[in-house]
Amino acid sequence: MESPGGGRFPFPYTPYLIQERFMEALYGALEAGRVGIFESPTGTGKSLSLICGALAWLRDFEEKKQQEEARLLALEEDEQEGKKKLPSAELGHPGSKDAAGEPDWVTAFVQKKEERDMVDRLKEEQIRRKKREERLEKIRHNVQLKYAAKRKRSEEDETKRLLQLSKEVLSEGAGLDVVEQLDHNEEELILAEYESDEEKKVVSGLEEDDDDLEEEHVTKIYYCSRTHSQLSQFVREVQKSPFGKDTRLVSLGSRQSLCVNEEVRRLGALQLINDRCTEMQKNKHEKKSDGDMEGKKRRASRTVCPFYSYEQMQFLRDEVLVEVKDIEQLVALGRETKACPYYGSRYAIPAAQLVVLPYQMLLHEPTRSAAGIKLKDQVVIIDEAHNLIDTITCIHSAEVSGSQLCCAHSQLLQYMERYRKRLKAKNLMYIKQILYLLERFVAVLGGNVNQNPNCQAVSQTGTVLKSINDFLFQSQIDNINLFKVQRYCEKSLISRKLFGFVERYGGPATAVKTNKENQKLAGLQNFLLTLQQGSDKDAGTPQSPPVEPESDQLRTASPLMQIEGFLSALTNANQDGRVILNRQGTVGQSSLKFLLLNPAVHFAKVVEECRAVIIAGGTMQPVADFREQLLSCAGVDPARVVEFSCGHVIPPENILPIILCSGPSNQQLEFTYQTRDLPQMMDETGRILCNLCNVVPGGVVCFFPSYEYEKQVYAHWEKTGLLTRLATKKKIFQEPKKANQVEQVLVEYTKCIKRCSQAGGQMTGALLLSVVGGKMSEGINFSDDLGRCVIMVGMPYPNIKSPELQEKMTWLDKTMPRAAGQAPSRVLIENLCMKAVNQSIGRAIRHQKDFASILLLDHRYARPAIFNKLPQWIRERTQVKPAFGSAFAELRKVRTFLLCTATRTVSYCTHLCFSQTITLELRPEANCLVLCVPSSIEGSRMLCDVDQRTGWRSAL
């Protein structure tokens with residue numbers, strides 16, 4: 001495969017030296033089966049390096065494997081030929097024995113059997129591979145097959161439509177026997193008989209004669225990242241790479257992202273979509289048995305998904321493997337082929353070489369198993385992994401409020417009363433167990449499940465942490481097998497049935513069992529009647545205004561779905577987590593939360609099963625957390641762990657990181673909880689920003705430790721008039737707390753900077769006041785003029801008074817050894833702080849020609865333990881400035897790049913060396929710049945030779 005990169009790693013262009021080193025290190029880690037921690041700053045082409053390095057290794061691995069297969073098969077053929085020529089007496093010596101005391105002929109027989117079995121497996125694999133390649137090649141080059149499949153789908157749709165019309169005509173004259181039966185829609189709300197407590201063998205959902213969808217898993221690479229947008233971006237990089245045409249890639253996602261059934265998509269909440277999809281699958285498999293009931297009462301027909309067609313999903317699977325597609329293209333293909341992209345993509349996993357999927361699908365074992373992901377001897381690459389520990393912790397933690405517990409109890413009790421005569425004994429037994437669990441959970445919070453949770457005051461408020469066992473004993477539920485209850489919830493789809501019941505009868509009033517506050521219900525039948533009457537009245541009234549997207553999921557999903565997650569969390573080992581009882585003003589405001597303390601327990605299986613695991617990111621420092629909390633606790637041998645960190649592609653002069661120890665009035669900068677609220681500290685911060693906004697063009701982004709502190713400082717500056725001074729040079733923007741407002745603020749911020757750079761004048765850009773850990777500290781690119789200076793106010797240490805953090809610190813001190821004389825809890829606090837800092841300051845430099853300055857406003861950054869946790873490429877260039885004057889002088893000397901507009905003329909306001917405006921005019925024909933300088937400055941015109949790629953070369 002020829003490419004500009006050439007050599008060992010095909011590349012779409014000539015790679016940077018650091019990219020070549022990255023790919024070499026990655027190749028070596030995959031070949032040796034290591035666990036690698038790889039850091040490559042944003043803007044250095046990390047994604048492309050991962051793609052080309054990993055796929056080059058996979059290509060070589062497959063070639064070696066095929067060569068070895070060919071060698072073994074050739075040996076087998078030679079041996080068969082040799083056996084024909086040798087007399088039978090020479091094939092063994094019955095009298096001789098080997099070292100273990102076994103006769104030679106026995107040992108030889110065993111060895112030969114193993115070799116024959118291996119050769120048989122290789123032959124089968126070869127045949128399968130050949131069939132797959134032929135099938136995909138046929139699809140790739142024969143367009144008529146696609147049209148034939150499309151025509152067949154249209155014919156089937158028309159047949160189904162006519163059949164439905166016929167059924168409707170026949171049913172028009174039939175009598176309606178509804179006295180003894182529930183209506184058609186309500187039939188689906190009844191729980192099916194729950195046959196066994198033992199976990200049954202998982203049914204794959206394939207028909208017996210549909211073996212073509214079952215395949216052996218080839219060696220592959222699982223690539224995962226945080227969001228679907230990041231995964232789509234990665235897939236586009238694969239498409240542009242030299243491997244784009246020859247790689248069998250499949251993109252996986254949740255049902256929420258991939259479902260093409262509009263009826264199911266409208267449910268909105270992920271858990272509702274999952275349950276409805278699973279239910280429709282069950283209906284499909286039950287359809288045959290229902291159809292055989294001739295002389296008996298026929299059950300009402302259950303809804304099946306029209307997109308869950310084996311034949312069409314088989315076609316979609318092959319289409320996915322033929323050409324690289326991202327999630328959006330996969331969904332479009334599913335709609336076109338009338339096939340389910342969710343299941344079709346899963347059927348493509350065994351034959352795929354590269355599987356692209358979100359974090360949760362890989363790191364959560366039940367989700368991984370359900371998706372058919374097998375990690376044995378495979379390669380896993382986890383990108384954007386700087387928050388991997390937090391992600392694993394969040395995935396396996398769960399929280400439920402008192403309101404949700406009371407609401408679920410009320411709904412489930414009404415459901416049981418409504419359908420008691422239709423439910424089997426085992427269903428009733430489990431429903432009663434769940435009701436008892438909910439009752440005890442509310443009691444632990446200090447409430448009564450039969451009363452309105454929002455009107456029950458909690459006598460003893462505060463937060464209490466308990467081990468899992470202590471919580472179970474205190475709740476008096478230690479005699480209940482939570483594993484069986486969890487399995488029942490999963491298999492019976494009870495939360496989905498309950499949601500359908502509430503949707504039908506509940507209306508908005510089912511959150512509590514009372515029509516009036518603190519009043520118990522007289523009878524369930526009356527209550528149900530009240531609910532029905534209430535919904536009838538509501539039918540004629542105008543609809544309430546739509547709620548915001550953030551609260552939509554809470555409004556639509558059954559609270560039992562959330563509680564199922566909490567029950568599942570309680571099945572963790574006692575030492576690996578804690579239960580937090582958070583008692584607030586009322587029972588409704590109180591909550592139960594499971595906190596996972598040991599994320600390594602869920603990561604251990606990944607590193608045990610995989611051939612190699614690569615944890616990669618743009619900012620991985622400090623890496624001690626990954627080594628100690630994740631890998632060491634997961635039982636990974638330290639010798640298996642390899643680290644790689646590369647520099648940036650930008651020239652050293654393009655970045656100026658400064659640790660500033662004091663401000664313009666010599667006030668020492670130390671933003672501790674005790675000192676940061678002082679007026680003189682806030683004044684000093686304002687003076688620093690005023691000076692910087694005078695010399696820095698474009699955008700300035702200033703990060704504060706919290707929203708509260710940013711609000712406090714803003715109010716103080718407004719009071720003192722400092723905000724008005726800042727606003728003369730930069731328009732001031734504040735980061736909003738609501739996620740749906742972030743994009744609008746960024747758009748306005750960008751427009752302001754562009755407008756100022758084009759118009760010139762006194763206003764030189766914009767100032768954005770942001771928050772560490774907020775919406776703009778991760779995933780937002782402040783490239784070029786959007787971020788010419790990034791300022792970090794103080795050190796964003798986490799709140800050590802948080803009960804969750806205190807419990808984590810206690811657990812670390814008990815389980816981890818001291819590092820360099822420091823307690824593990826202290827190391828954790830520093831690492832959490834510096835991870836947040838590194839993420840925030842990495843927002844500015846986003847590509848090779850970008851440039852920016854970085855100011856860390858706190859003298860504590862100069863301490864060796866803290867300083868060494870900065871990214872290497874920033875640390876190497878950082879200057880520690882005890883006084884503001886020397887720092888300001890450095891900022892004035894920062895080299896300024898020229899941004900040319902379409903008219904090839906740029907006006908650029910700067911105060912690098914002068915206090916007056918200079919206009920720079922680029923003349924391409926002369927390869928020079930004309931500087932139009934006011935007469936007050938010596939010389940009215942200057943010529944400079946310019947390198948249009950990197951900036952000024954020399955003055956003429």
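**Reading a predicted model, feature by feature**

Modeller: Let's open with N666, which is exposed, with a relative accessible area of 62%. Buried means under 20% relative accessible area, exposed over 50%, and partly exposed in between, using a 1.4 Å probe and protein chains only. Before we go on: this is a predicted model, where local features need pLDDT of at least 70 and side-chain atom pairs count only at pLDDT 80 or more, while totals for chains, interfaces and linings use all residues. Residues are numbered from 1 along each chain as its sequence is written, and side-chain values use heavy atoms, with hydrogens and water left out.

Colleague: Fine. Where does N666 sit in the secondary structure?

Modeller: Helices (H or I, at least four residues) and strands (E, at least two) are DSSP runs, numbered from the N terminus. N666 falls in the loop between β12 (655-660) and α26 (679-695). Check its backbone too: phi is near 65°, a positive value in a residue other than glycine.

Colleague: And what is the phi of K338?

Modeller: K338 has a positive phi of about 55°, although it isn't a glycine. You'll find K338 in the loop between α11 (327-337) and α12 (341-347), and it is partly exposed at 36% relative accessible area.

Colleague: While we're on backbone geometry, which residues does the cis peptide bond join?

Modeller: Look at Q621 and P622, where omega is about -10°. P622 belongs to the loop between β10 (612-617) and α25 (624-632).

Colleague: On to charges. How many salt bridges does a search of the whole structure find?

Modeller: The rule is a side-chain nitrogen of Lys or Arg within 4 Å of a carboxyl oxygen of Asp or Glu. The search gives 20. A local case is E237 with K240, at 3.8 Å from N to O. Both residues lie in helix α6 (residues 228-240), three residues apart, about one turn of the helix. K240 counts as exposed, at 61% relative accessibility.

Colleague: How does the E807 and R578 pair look?

Modeller: That salt bridge has an N to O distance of 2.8 Å. E807 lies in helix α30 (residues 803-815) and R578 in strand β8 (residues 577-583), so the pair ties together parts that are 229 residues apart in sequence. E807 is buried at 17% relative accessible area, and R578 is buried at 16%.

Colleague: What about R860 and D858: buried or exposed?

Modeller: R860 is buried, at 8%, and D858 is buried, at 0%. Their side chains meet in a salt bridge of 2.9 Å, N to O. For a network of salt bridges, look at K46, D383 and E384.

Colleague: Now sheets. What is the general idea?

Modeller: Strands of a sheet pair through backbone hydrogen bonds, either parallel or antiparallel. Here, two strands pair if DSSP finds at least two bridges between them. In this model, four strands form an open sheet in the order β6-β9-β8-β7, with antiparallel pairing. The edge strands, each pairing on one side only, are β6 (398-401) and β7 (462-467). From one strand to the next the twist averages 15°; the axes behind it are lines fitted to C-alpha atoms, for helices over the stretch in contact, and angles run from 0 to 180 degrees between N-to-C directions.

Colleague: Which residue stands opposite I580?

Modeller: K593, in β9. There β8 and β9 (residues 591-596) pair in the antiparallel sense over six bridges.

Colleague: How buried is K730, and what does its side chain reach?

Modeller: K730 is buried, with a relative accessible area of 0%, and its place is strand β14 (residues 730-734). A polar contact is a pair of N or O atoms within 3.5 Å; within protein, one must be able to donate a hydrogen and the other to accept it, and residues adjacent in sequence count only if both atoms are side-chain atoms. The K730 side chain reaches the backbone oxygen of G698 at 2.8 Å, and makes a 3.1 Å polar contact with the side chain of T764.

Colleague: Last one: which residues have the most contacts inside the largest nonpolar core?

Modeller: A nonpolar core is a set of buried Ala, Val, Leu, Ile, Met, Phe, Trp, Tyr and Cys residues joined through side-chain atoms within 4.5 Å. The largest has 70 residues, and those with the most contacts inside it are I382, L388 and F603. Neighbours within four places in sequence aside, I382 is in contact with residues including Y359, L388, F603 and I615. Apart from that core lies another, of 53 residues, among them V444, I477, I480 and L570.

Methods: Contact means heavy atoms within 4.5 Å.
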